[in-house]
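Today I went looking for open space in this structure.

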Amino acid sequence: MNIDFLRRLVLYSLVGASGIVVNDGLFTLLQKNVDYYFASLVAIEASILWNFFLNDLITFRDRRVGKLSLRALKFHVTAALGALVQFTTTALLISQVKGVNLVIAIIDPPNLPYLEASMLNLAGILAGFVIRFGLSYLWVWKQVPPL
């Protein structure tokens, strides 16, 4: 791994951590006054936009090519794919640990002790992160060869 890749990985991780603060903070403010699910959706979108703009300004500033709107759309696609991978990975791990069918684990999730559920969720988060960073690095802010 080269130093540029590691630098971007660290910056991307720090931006993501700040996005968690944005998400949870906005959710906490909104859910007191609006529907829980609406508050959650607004907080998720706000954190995606926050992460996009910080990554565009800091992590990948030297790779900004093309329209901002296209990069934002691509980033939204990576966020959606990352969320899908995270959810699927967690559900798959739960199904394996509990010895149930994946569909059953999704439709009627078994009760798990908090620590066990949290560890399986963290594995899902890691899988989703790998997808989001990989797609951001290779697609959203693809390195353009020098002329």
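**Pocket notes**

I sorted the lining of the largest pocket by class and got 11 nonpolar, 10 polar and 2 charged residues. For me, Ala, Val, Leu, Ile, Met, Phe, Trp, Tyr, Cys and Pro are nonpolar, Asp, Glu, Lys and Arg are charged, and the others, Gly among them, are polar. This is a predicted model, where local features need pLDDT of at least 70, side-chain atom pairs count only at pLDDT 80 or more, and totals for chains, interfaces and linings use all residues. Residues are numbered from 1 along each chain as its sequence is written, and side-chain values use heavy atoms, without hydrogens or water.

I looked up the volume of the largest pocket and found about 750 Å³. Its lining has 23 residues, and Gly16, Ile20, Asn51, Gln86 and Arg132 come closest to the centre. (A pocket is an open set of points on a 1 Å grid over the protein atoms alone where a 1.4 Å probe fits, with protein on both sides within 12 Å along at least five of seven lines; lining residues have an atom within 4 Å of a point. Points join across faces, edges and corners, and the volume is the space filled by probe spheres set on them.)

Which helix gives the largest share of this lining? I found H1, with 9 residues. Helices are DSSP runs (H or I, at least four residues), numbered from the N terminus.

I then checked the second largest pocket, at about 170 Å³. Its lining includes Phe87, Ile94, Pro109 and Asn121. H3 gives the largest share here, 6 residues. By class I noted 7 nonpolar, 3 polar and no charged residues.

Methods:
Helix = DSSP H or I, 4+ residues; strand = E, 2+ residues; numbered from the N terminus.
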